[in-house]
Amino acid sequence: MSRVSADYHDGVSYVAAGAVPAPVLSIVTPSFNERDNLRPLVRAISAAMGAVSWELIVVDDDSPDRTWREALLLASEGWPVRCIRRIGRRGLSSAVVEGAMSASGEFVAVIDADMQHDEKLLVDMLRIIQTTDAELVVASRYVEGGAIGTWDQRRARISTFATICARMLIGKTMKDPMSGFFMTRRAVFDDVVSDLSQQGYKILLDLLTAARRPLRLVEIPYVFRERVAGESKLDAIVVAEYLLLLIEKFSRGLLPPRFILFSMVGGLGLVVHLSTLQVLELFSPSFIEAQTIATLVAMTFNFLLNNLTTYRSERLRGSQALVGYVIFCATCSLGAIANLGVANFVIGHSVSWAFAGAAGAIMSAVFNFSLSTRFVWGRATRQRQARARSAQDKADRLQAVGSAQG
Ligand code: GDD
Ligand code: MN
């Protein structure tokens, strides 16, 4: 399938001999401990795709079973497989997003690595998206002809409940917003990428809710198969992440999962603070001494726990963690001043102490969260840059379309 392509630059003609054109379809598969499933998956996709050119992008979170090594091996054997090995990261959705961003095909499919999704559907999905105005084709377990296969009752009930919640968010027209098997245009991903939550498992739901207008979609049935090897990674944390994602979407982004986690850590910090005070009282220091020590202990606890949970995907290590810790303490001190200021203002309007206290606490939580996110873990800056970049991409695309149309 090789061809010769040439480009002209600075008066010189460059010729890339043997260059292979980009595939039409990029298939992204998130993987964690799926080593023994990868070869069957690649073979099955290859058998199903016929004449369609494709690539498989394995996005592996540094699996202990070395799934990534199997992906590299397959690539070295000549299969159209690429591997993104992420270090110190976890998460199905964010893995899919990174895979999609590295896709070179015009169309992007997402499929699980464990063979539970029927790869034979890929060709139909591609045909639909190429020949109709659909922007998204979803393989669905809940349209006629589809089924959840051999799931036990408990898992089936969880799925039904999760699906009902999701359909409250996006409207009843869609039957399986929780599907992990779908195809879209790369451009659709590009448009919404900076608004995706990327939390947890539900990348399709994330995509549907982040899109600024309803996407034109088609659902086609499939039967969820048995896993070939290994086990599901759906655990309590995944369920918790789903609930946090729902809260974020229902509150229209006002309560992002991180803010909820940050506040929960703050609540635990208060418990640590009060317990420290209790212990210190035994040594009868002055209240101010005890209060200072307890504050430091609580801030340290909050920093460490936030670094491990709330901000685990941008966890600070080594000297970065030390700098972050100092900035975090400074932020919390400013937050405390903001807390007092607001509480003092509110109490001036003759409300109860509890109300004024709560207003102050909420103020400092919001304050600490926004400053920490920006200055300690630096995510806000990166997100703003990403948003600016995707706006620029869009402008470029519009311009390209405009000049193509003369
Ligand atoms: N990179 C990465 N990181 N991949 C992950 C992670 C992670 O933290 N967690 C899971 N995966 C990969 C798995 O290796 C697998 O390829 C795929 O994501 C799905 O994970 P499973 O653990 O097998 O999920 P499931 O079978 O219980 O549920 C799947 O199918 C349902 C029906 O389509 C998921 O895709 C659900 O979202 C979906 O509703
Ligand atoms: Mn699975």
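## Exercises on a predicted protein model

The protein chain has 13 helices and nine strands (DSSP runs numbered from the N terminus: H or I with at least four residues for helices, E with at least two for strands). This is a predicted model, where local features need pLDDT of at least 70 and side-chain atom pairs count only at pLDDT 80 or more, while totals for chains, interfaces and linings use all residues. Residues are numbered from 1 along each chain as its sequence is written, chains are lettered from A and ligands numbered from 1 in the order in which they are written, and side-chain values use heavy atoms, with hydrogens and water left out.

**Exercise 1.** Find the protein donors of the manganese ion (ligand 2), and say whether Asp-114 is buried or exposed.

*Solution.* 
- Step 1: check burial (buried is under 20% relative accessible area, exposed over 50%, partly exposed in between, with a 1.4 Å probe and protein chains only). Asp-114 is buried because its relative accessible area is 4%, and Gln-116 is buried too, at 12%.

**Exercise 2.** Work out which residues build the largest nonpolar core, and which residues Leu-122 touches.

*Solution.* 
- Step 1: a nonpolar core is a set of buried Ala, Val, Leu, Ile, Met, Phe, Trp, Tyr and Cys residues joined through side-chain atoms within 4.5 Å.
- Step 2: the largest one holds 34 residues, and Leu-25, Ile-27, Leu-56, Leu-122 and Met-125 have the most contacts inside it.
- Step 3: among the elements supplying at least two residues of this core are strand 3 (25-31), helix 1 (35-49) and helix 4 (121-131).
- Step 4: zoom in on Leu-122. Skipping neighbours within four places in sequence, its contacts (heavy atoms within 4.5 Å) are Ile-27, Ile-45, Met-49, Ala-109, Ile-111, Phe-181 and Met-183.
- Step 5: another core, of 27 residues, lies apart from the largest one; Val-96, Met-174, Phe-182 and Leu-196 are among its members.

**Exercise 3.** Describe the lining of the second largest pocket.

*Solution.* 
- Step 1: on a 1 Å grid over the protein atoms alone, a pocket is an open set of points where a 1.4 Å probe fits, with protein on both sides within 12 Å along at least five of seven lines; lining residues have an atom within 4 Å of a point.
- Step 2: there are 28 lining residues, and Gly-266, Leu-270, Asn-339, Ser-364 and Asn-368 lie nearest the centre.
- Step 3: helix 9 (257-281), helix 10 (287-308), helix 11 (318-347) and helix 12 (353-376) each give two or more residues to the lining. Helix 9 has the largest share, with 10 residues.
- Step 4: sort by type (Ala, Val, Leu, Ile, Met, Phe, Trp, Tyr, Cys and Pro are nonpolar; Asp, Glu, Lys and Arg are charged; the others, Gly among them, are polar). You get 14 nonpolar, 14 polar and no charged.

**Exercise 4.** Which loops hold Asn-33 and Arg-252, and what is phi at each?

*Solution.* 
- Step 1: Asn-33 sits in the loop between strand 3 and helix 1, and its phi is near 55°, a positive value in a residue other than glycine. It counts as partly exposed because its relative accessibility is 26%.
- Step 2: Arg-252 is in the loop between helix 8 (236-250) and helix 9, with phi near 50°. At 80% relative accessibility, Arg-252 is exposed.
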